[in-house]
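User: Hi! Could you walk me through some backbone details of this model?

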Amino acid sequence: MSRLVASADVGGTFIDVVVADFRNGATRIAKVLHRKGNQGPDIVRAITALVAEMGHGIEAVETLVVGTTVVTNALLEAKLARTALVTTKGFRDVMEIARMHRPSAYDLHKRRSSVVIERELRHEIDERLDHHGNVLTALDRAQLQDLVVEIKAQQVDAVAVSLLYSFLDPSHEHAIADALSGLGVPVSVSSEVLPVFREYERTVATALNAATNPVMGGFLDGLARIEAQGGARTFVMSSAGGSMTFSEARRFPIKCAMSGPAGGAVGAQAFARFHGLQSVLTLDVGGTSTDIAMLREGRIPSTNERVIGGYPVAVPSAEIETIGAGGGSLASVDRAGRLRVGPESAGSMPGPVGYSLGGSQPTVTDAHLALHRLGERSMLKGEFVLDRAAAIASIETEIATPLNVTWQRAAHGILELANANMARAVRMMSIERGIDPRTSCLLAFGGAGALHAVDVARRLEIPRVMVPFYCGVFSAFGILSVEASYDTQRTWRKPLETVTMADLRSVTEEMKAQLEARACGDHPGVPELRHVWMLEMRYIGQSYAIAVELAAFSAEGLEASRQEFLREHMARYGHASPTDAVEIINFRLTTTVRGEHAEDHHPPAGPTVAPSAQATRDVWFSPEAPTACRVFSRNDLPDGWTQSGPLIIEQLDSVTVIGPGDVVEVIPRTRALAITLDT
């Protein structure tokens, strides 16, 4: 009897799909071009084809977990639904007032992103709580009825409700939401989306949640067929590293903003745990962007200070740095005669010139192809044939001629600039957080991660690179293994030294009961639940806090959290005072359904005989002259196989480039590549 589990990672250029049978270890993977507006049907078609290869129908799929960029793309492209806002009288303009800091301190021409909700769609209502949650002004029910009529006339697609101090008492927000329910549009309330203080961030998060609700709903509707046909249980990867039921994702789409990249971080966590790696930097290079994460002692740090498309997204998410540098990043020469790479991308349509889908502007992928790091039949087992001559011609016309250099130097310059951008992001994720990247391992994945990893590592003097077996669809494997989870937050300001166990129980028991009710409602039987508590702490008088784990509800547990806060403060800012007073600002709780669909998965056993090179081709590792380079198929490499570069290793979903003098070894069981750089 098979137990099939499927996952999909929707990237900017490709959709990666994995189907695995956890009973016998069989696995199938696919990469399909991302067609905007057709993600759901394309995922269903890809899963159907893979399941058929395994001798089953789609009804055999028990679980589907999806990581998606639809929310992120909506924010980046400002393609948000027409949304109304209801807020406390006097706070209509809080999103425009925002914070005092500028987006760029020295750029006089820099402007903030447009406000999420236009002023004419923002409505005030008479109600007011004080900072303890006591009612100062009762909700005006008569005004509320008039407000419903007014919002209905505006024909909005969603409504956000964010009242002052609603995180202390949500009853007014719930009354407004009940009154608006008859409009037939989704209503988001801040006491559910982000129940913490700071009205600007809370209001923006709620507005973004409402404004992205229709786009997430449309995406999930496209996947409804797999539920209808097979009855599979369906989940969406969350930004924080767990998975959410479709119903939860419909309610809280903003919690899926970093959905796909978080899958890569979760996969890296499992990889690091299996290989005993304490410090890992990830390099996830896709077609549109590069995502970098830093894992310390096997943990994925989280943040609630993320900005996407200029909007603060204050919901907790895995701490991942994203830059506009990927295989599809466009290369050009600006009016000052300087070479530029990204952040604009060719995407999947028209794509790189070498894809022969209509692209005319050279990309990073075209540079790899021109320099023969990619062969004409390197992708998807040669089924996706690339046009090297077209790639060279576009680089010659668009880059080399304006700069008066050879096409080889122009292509090399494109890769150098892309690698420099990636290395800069890795520095931000490591050095700026007090971590020396030279003490870490660089874990490369994504469709293009293994093409760039050795060059990026050499720039940063990182001695070792590792490439997982299924590196091109590694995030999809991470998504496949995540557990279903629920999360909530609560503002609770109190000096740490005054906290008692009774205080803790008073605030935490309600949070725990709330998430347990949601989890038990979504999962049959009596699910086994695991609770992880985080404290956001700061020195009294500071503006922002650091999140640390609360491992035990005891005086010793609180002291351990304080010590972790001091260590993290020292690592981030270079100083920490063991005597200054520390206060708790917020509680965070994540409740995980243990074993819902989490299971480590390793590739099938490799061959036992030493392989021969499939081919030899001239590769330009420098712009001066090519080097004869052996090309191997990754499926042919046995455990323990080792070779010195230069060489290229090709597989269905990616290509690994190993430079002259570098040494590669195949790690037993996981069949990961471990590359030791020539120093």
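This is a predicted model: local features need pLDDT of at least 70, side-chain atom pairs count only at pLDDT 80 or more; totals for chains, interfaces and linings use all residues.

User: What is the phi of glutamate 461, and is the residue buried or exposed?

Analyst: Most residues other than glycine have a negative phi. Glutamate 461 is not a glycine, yet its phi is positive, at about 60°. Exposed means over 50% relative accessible area; with 54% relative accessibility, glutamate 461 therefore counts as exposed.

User: Which loop holds asparagine 404, and is that residue buried or exposed?

Analyst: Asparagine 404 also is a non-glycine residue with a positive phi, about 60°. Its loop runs between helix H12 (388-403) and helix H13 (407-430). The relative accessible area of asparagine 404 is 70%, so this residue is exposed.

User: In which strand is the place of proline 343?

Analyst: Nice one to look at, as most peptide bonds are trans. The bond from glycine 342 to proline 343 is cis, with omega near 0°. Proline 343 lies within residues 339-345, which make up strand E21.

User: What is the omega of the peptide bond from glycine 645 to proline 646?

Analyst: Proline 646 is found in a loop, with strand E30 (642-644) on one side and strand E31 (647-651) on the other. The peptide bond from glycine 645 to proline 646 is cis, and its omega is near 10°.

Key:
Residues are numbered from 1 along each chain as its sequence is written. Side-chain values use heavy atoms; hydrogens and water are left out. Helices (H or I, at least four residues) and strands (E, at least two) are DSSP runs, numbered from the N terminus. Buried means under 20% relative accessible area, exposed over 50%, partly exposed in between (1.4 Å probe, protein chains only).
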